[in-house]
Amino acid sequence: MEKHTKIKTILVAIDFTQKTDSATILAVHMAKRHNARIILFHNVMNFFIMDRTGRQIVGEDTVTKQYAEAENSLEMIKNSLQQNHNDITFLKRIGTETITNSINKIVEEESVDIVITGTSGKQGLRELILGSSSYQILKGVNCSVLMMPEDSRQFKFERILVPVRVLEKLKEKMEISKLIAEKNKGFISLFGISGDENFTSIRKAFINIR
């Protein structure tokens with residue numbers, strides 16, 4: 001992963017529910033502090049069946065209608081945000097693949113530094129089986145992800161806790177935490193977490209990071 005020097009592009013995942021309102025507000029606060037642009041993203045999933053004529057979209061008219069409605073809704077959100085925050089550049093993008101594939105394409109094309117997604121903390125049967133969209137983003141997106149609870153109104157990061165538990169991409173996690181702390185005049189606390197089997201490696205990583 002390329003070393004973070006600035007946060008220049010923020011993608012916020014929008015599903016037109018209350019849980020993404022807080023995520024969008026947070027994206028605006030971060031964009032102002034980091035002088036970054038914001039990509040407003042929504043995903044319209046296509047479903048296919050295979051027959052003798054090849055792959056066909058299931059309910060193509062419905063998908064087309066959903067796409068048009070999403071594009072119109074995103075445009076309204078973009079115009080409203082742009083009117084109230086004319087110092088920020090807002091873009092809109094709509095994906096039509098799996099949510100992680102769609103976001104990863106934009107991450108690569110637009111050099112996205114961080115993705116913000118809202119989460120309700122609730123899990124229904126569909127989410128239990130397939131995984132929530134926020135969890136899919138957290139696990140599958142190729143850049144840093146920030147999950148924002150829908151009822152949170154905390155838009156500054158004055159105290160950041162970085163757990164030293166998973167060593168993979170630990171330096172990258174620390175770098176983006178430092179960027180956020182610097183813009184918020186905050187401080188970072190490290191918290192080492194390990195079992196008996198990886199105590200030595202976690203301890204060494206903790207000391208190096210500190």
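This is a predicted model: local features need pLDDT of at least 70, side-chain atom pairs count only at pLDDT 80 or more; totals for chains, interfaces and linings use all residues.
Colleague: Where do I start with the interior?

Modeller: Start with a general idea. In soluble globular proteins, nonpolar side chains tend to be buried together. Now take this model. Its largest nonpolar core has 34 residues.

Colleague: Which residues in that core touch the most other members?

Modeller: They are I7, I10, L26, M30, I38 and I116.

Colleague: Which helix gives the largest share of this core?

Modeller: Helix α1, residues 19–34, with six residues.

Colleague: What is I10 in contact with, leaving aside its neighbours within four places in sequence?

Modeller: Its contacts are A27, M30, A31, A36, R37, I38, I39, I114 and I116. M30, I38 and I116 are also among the core members named above.

Colleague: What does the second core include?

Modeller: This separate core has 13 residues. Among them are V112, I137, V141 and C143.

Colleague: Now the surface. Which residues make the nonpolar patch of about 270 Å²?

Modeller: Y135, L138 and M147 make that patch. L138 sits in helix α5, residues 133–140.

Colleague: Why is L138 called partly exposed?

Modeller: Its relative accessible area is 40%. Partly exposed lies between under 20% for buried and over 50% for exposed, so L138 falls in the middle class.

Colleague: And K171: buried or exposed?

Modeller: K171 counts as exposed because its relative accessibility is 61%, and the cut-off is over 50%. K171 belongs to helix α6, residues 170–184.

Colleague: How many residues apart in sequence are K171 and N208?

Modeller: They are 37 residues apart in sequence. In space, C-alpha to C-alpha, K171 and N208 are 9.9 Å apart.

Terms used
Residues are numbered from 1 along each chain as its sequence is written. Side-chain values use heavy atoms; hydrogens and water are left out. A nonpolar core is a set of buried Ala, Val, Leu, Ile, Met, Phe, Trp, Tyr and Cys residues joined through side-chain atoms within 4.5 Å. Buried means under 20% relative accessible area, exposed over 50%, partly exposed in between (1.4 Å probe, protein chains only). Helices (H or I, at least four residues) and strands (E, at least two) are DSSP runs, numbered from the N terminus. Contact means heavy atoms within 4.5 Å. Patches are made of residues with over 30% relative accessible area and no salt bridge: like charges are joined within 9 Å, nonpolar side chains (Val, Leu, Ile, Met, Phe, Trp, Tyr) within 5 Å. Accessible areas come from the Shrake-Rupley method with a 1.4 Å probe; for residues, only the protein chains shown count as cover. A salt bridge is a side-chain nitrogen of Lys or Arg within 4 Å of a carboxyl oxygen of Asp or Glu.
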